[in-house]
Amino acid sequence: MKAYIKERTLEVARHISQTQDTIRKTAQIFGLSKSTVHNDLSKRLQKVDKQMYDDVQKILEHNFAEKHIRGGMSTKLKYETREREL
């Protein structure tokens with residue numbers, strides 16, 4: 001693995017560990033695609049730092065479990081905002 005990819009992987013993993021951000025938000029912050037962040041965290045990180053991989057996976061599983069709740073809240077907010085504008 002090239003050094004810059006390894007460093008990027010660790011940097012993204014540290015960010016997720018500290019902030020509990022989603023893959024989408026992390027990708028926006030780092031200017032990467034969601035696929036790149038996902039591959040860094042699910043494939044490359046396991047080879048680089050097993051302990052951090054385990055920690056990050058717990059956060060990603062938690063975010064995935066809440067995804068449908070956040071989507072529902074977003075839709076609700078969208079329609080509430082739309083009603084106020086009318």
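This is a predicted model: local features need pLDDT of at least 70, side-chain atom pairs count only at pLDDT 80 or more; totals for chains, interfaces and linings use all residues.
**Helix α3 and its surroundings**

The buried residues of α1 pack against α2, α3 and α4.

First, α1 itself. This helix has 17 residues, and its first and last C-alpha atoms are 24 Å apart, close to the 24 Å expected at 1.5 Å a residue. Its buried residues are Ile 5, Thr 9, Leu 10, Val 12, Ala 13, His 15 and Ile 16. Just after α1 comes Gln 20, with a positive phi of about 65°.

Now to α3, residues 34-48. With 15 residues at 1.5 Å a residue, α3 should span 21 Å, and because its end C-alpha atoms lie 20 Å apart, the two values agree. There is still a bend in α3, of about 35°, at Asp 40.

Which residues of α3 are buried? They are Val 37, Asp 40, Leu 41 and Leu 45. As a reminder, an α-helix has 3.6 residues a turn, so residues three or four places apart point the same way. The cover over the buried residues of α3 includes α1 (3-19), α2 (23-30) and α4 (50-85).

Asp 40 deserves a slide of its own. It is where α3 bends, and it is also on the list of buried residues in that helix. Why does Asp 40 count as buried? Its relative accessibility is 0%, and buried means under 20%, so Asp 40 qualifies.

What does the side chain of Asp 40 meet there? Another, at 2.4 Å, joins the Asp 40 side chain to that of Arg 44. Setting aside residues up to four places away in sequence, Asp 40 touches Arg 8, Thr 9 and Leu 45.

Last, the nonpolar core. The largest one has 14 residues, and those with the most contacts inside it are Leu 41, Leu 45 and Val 56. Each of α1, α2, α3 and α4 supplies at least two residues of this core. Which helix gives the most to it? That is α4, with five residues.

Take Val 56 as the example. Apart from neighbours within four places in sequence, Val 56 is in contact with Ala 13, Ile 16, Ser 17, Leu 41 and Leu 45.

Definitions and conventions
Residues are numbered from 1 along each chain as its sequence is written. Side-chain values use heavy atoms; hydrogens and water are left out. Helices (H or I, at least four residues) and strands (E, at least two) are DSSP runs, numbered from the N terminus. The expected span of a helix is 1.5 Å times one less than its number of residues. The bend at a residue is the angle between axes fitted to the seven residues ending there and the seven starting there. Buried means under 20% relative accessible area, exposed over 50%, partly exposed in between (1.4 Å probe, protein chains only). Contact means heavy atoms within 4.5 Å. A polar contact is a pair of N or O atoms within 3.5 Å; within protein, one must be able to donate a hydrogen and the other to accept it, and residues adjacent in sequence count only if both atoms are side-chain atoms. A nonpolar core is a set of buried Ala, Val, Leu, Ile, Met, Phe, Trp, Tyr and Cys residues joined through side-chain atoms within 4.5 Å.
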